Amino acid sequence: MIWNEKAECMSEDDLKELQLQRLQAVVKRAYEKVPYYHKRFTDLKIEPEDIETLEDIEKLPFTSKTDLRDAYPFGMFAVDIEDIVEVHTTSGTTGKPTVSGYTEADLDLWGEVMARALTMTGVKKNDKVQNSYGYGLFTGGMGVHYGGQKIGATVIPISAGNTTRQLEIMQDFETTVLTCTPSYGLYLAEVAEKEGIDTSKLKLKAGCFGAEMWTEEMRDKLEERLNISAQNVYGLTEVIGPGVAMECPEKNGLHIFEDHFYPEIINPKTLKPLPEGETGELVLTTLTREGMPVIRFRTKDITALRRGVCECGRTQVKMDRITGRSDDMLKVRGVIVFPSQIEKALLKIEGLEPQYQIIVTRPQHLDELEVQVETSPALFSDEVKHIEEVKKDIENRIHSEIGLRVTISLVEPQSLPRSEGKAVRVVDKRNI
Amino acid sequence: MKLKQISVFLENRKGRLWKALNILSNANINIRALSIADTSEFGILRMIVSDNELAKQILEESNFVVKVNEVIAVGVSDNPGGLEGVLEILNKMDVNVEYIYAFVEKNGEKAVVVIRTEDIDAGVNALKDGGITILSEEEIKNIKNN
Ligand SMILES: [Zn+2]
């Protein structure tokens, strides 16, 4: 099923023409309505009329997270505050949050792109969507909510947390689609097993997972343990929230809704655009946002774009699963490490719970990487020798994945913090 | 004649050993023998208890990782050389010993030695052939250690 065939299966020529029209309009709007962009463009001696082709986007300056933060709270809005009907913010864990303001039309757009996304996981009018993303300033809850309602599905706005109740509702209401972070999805599965719930008896058929990075191995676990199709949704508050891109049933990339969000890939060091298929940082321009347009926003997410008609019938460009983010990109002894690489190694080990925490320290001018892993009956033995072997095996697997030696610490089950939203995977204790 | 032992994973955190033992004592489970293998990062608590099934169940309910496996218990006379004779037999028969621990009976005449050989059956056979009496589960149960 395709929600909006006209948009999602548009020919490349038509799409490019539409994108150019919309780009010209959004640049003009940003220049005229947002003092920040007016100044940036003026400093670079750029006027909206200079955008004559899609490639001309390269003349425009980038917008960074810091730029948005400096405009806190409402400095990036392109409309009067009275026309803003909803606001959301980022978590602000690394400083002041950034605010996103939505007009009525923006909410409609959000519902549209999330309806496209949920349709990819098979959501129809008669489905019951258990929305376990957090409701509130975080965009996850409302984004799914609007999309689900646009389709006409029954949205269960349960929000994150209270796992026992989640499972009870899931059984009693006969939930068919689950939406939450992948780590919370795994936690739900874990608790379900513990409570003796046979997940194959649930009516659950699909899950729309996002808001944090995850791996193919995690997909396998989610699909197996919850007996569902697990698909990846992508988005960010600065651009709109979830619904920028979504994985179709082919599961080999996420279609970017590029009639609304224009993607580019740049080399994060030189800031030069990279050719199609090369891996770099994703940059997004909102083509249709009214309340808060962003031009060339540096997402810090590492991916590659792939064009071509997908088996599913959609023509919109696909991006690879995000494998890293410069925000949680760790530099350990000069080597770049993504938590997802460590996770990948861990998930290959039979009987290991996918709960872990990475701790970086610098005891004596040299970085040390410790990975805490929860012990399980499969790893445990009455012999020290055997446990040491298990530890060594895990250390070797991580070594071959990241090229660095790490120390594995086995901890007791359930002792690592469980998250109901984004899992805290990295604790950096270095003072850098 | 093999005996069941339960092992518990202990993180090197304050109070974990106490917690495990506290859970057992609250459930009125008797600990006949106990040893702790300690490394710098974790410990393994090994015990012979009065009720393996119950012990495993209640420890797991409190999120401990528990394993039940087999060991051999023999009675040796509580005088110099008693244990040495047992080990000599195993050594002669080329049976690898992973670990041993012992406790003394209340009347103090005999020490009970718990032996974990790499291959439990080979250990049992070697000891039998060497004329050592292996204690049964029943005999261990009858030991009063309170
Ligand atoms: Zn597709």
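Helix H8 of chain A (residues 182–194) has 13 residues and should span 18 Å at 1.5 Å a residue, and its end C-alpha atoms are 18 Å apart, which agrees. The expected span is 1.5 Å times one less than the number of residues. Helices (H or I, at least four residues) and strands (E, at least two) are DSSP runs, numbered from the N terminus.

This is a predicted model, in which local features need pLDDT of at least 70 and side-chain atom pairs count only at pLDDT 80 or more, while totals for chains, interfaces and linings use all residues. Residues are numbered from 1 along each chain as its sequence is written, chains are lettered from A in the order in which they are written, and side-chain values use heavy atoms, without hydrogens and water.

Eleven of the 13 residues of H8(A) are buried, that is, under 20% relative accessible area with a 1.4 Å probe, protein chains only. Among them are A:Tyr184, A:Leu186, A:Leu188 and A:Val191. Just after H8(A), A:Gly196 has a positive phi of about 75 degrees.

Helix H10 of chain A is also mostly covered, with seven of its nine residues buried. These include A:Ile342, A:Glu343 and A:Leu346. The table lists partners in contact (heavy atoms within 4.5 Å).

| Helix | Partners of its buried residues, chain A |
|---|---|
| H8(A) | helix H7 (163–172), strand E5 (177–180), strand E6 (206–209), H9 |

**The interface of chains A and B**

In chain A, 20 residues are in contact with 24 residues of chain B. The two chains bury about 1800 Å² between them, 56% of it on carbon and sulfur atoms. Buried area is the accessible area (1.4 Å probe) that two parts lose on being put together, summed over both. On the side of chain A, A:Phe380, A:Asp382 and A:Glu412 lose the most area to chain B, together 42% of what that side buries.

Seven salt bridges cross the interface, each a side-chain nitrogen of Lys or Arg within 4 Å of a carboxyl oxygen of Asp or Glu. One of them joins the side chains of A:Glu412 and B:Arg13, at 3.8 Å from N to O. H11 and strand E20 (407–411) of chain A are the elements that give two or more residues to the side touching chain B. H11(A) supplies the largest share of that side, five residues.

Key:
Buried < 20%, exposed > 50% of the residue type's maximum accessible area, 1.4 Å probe, protein only.
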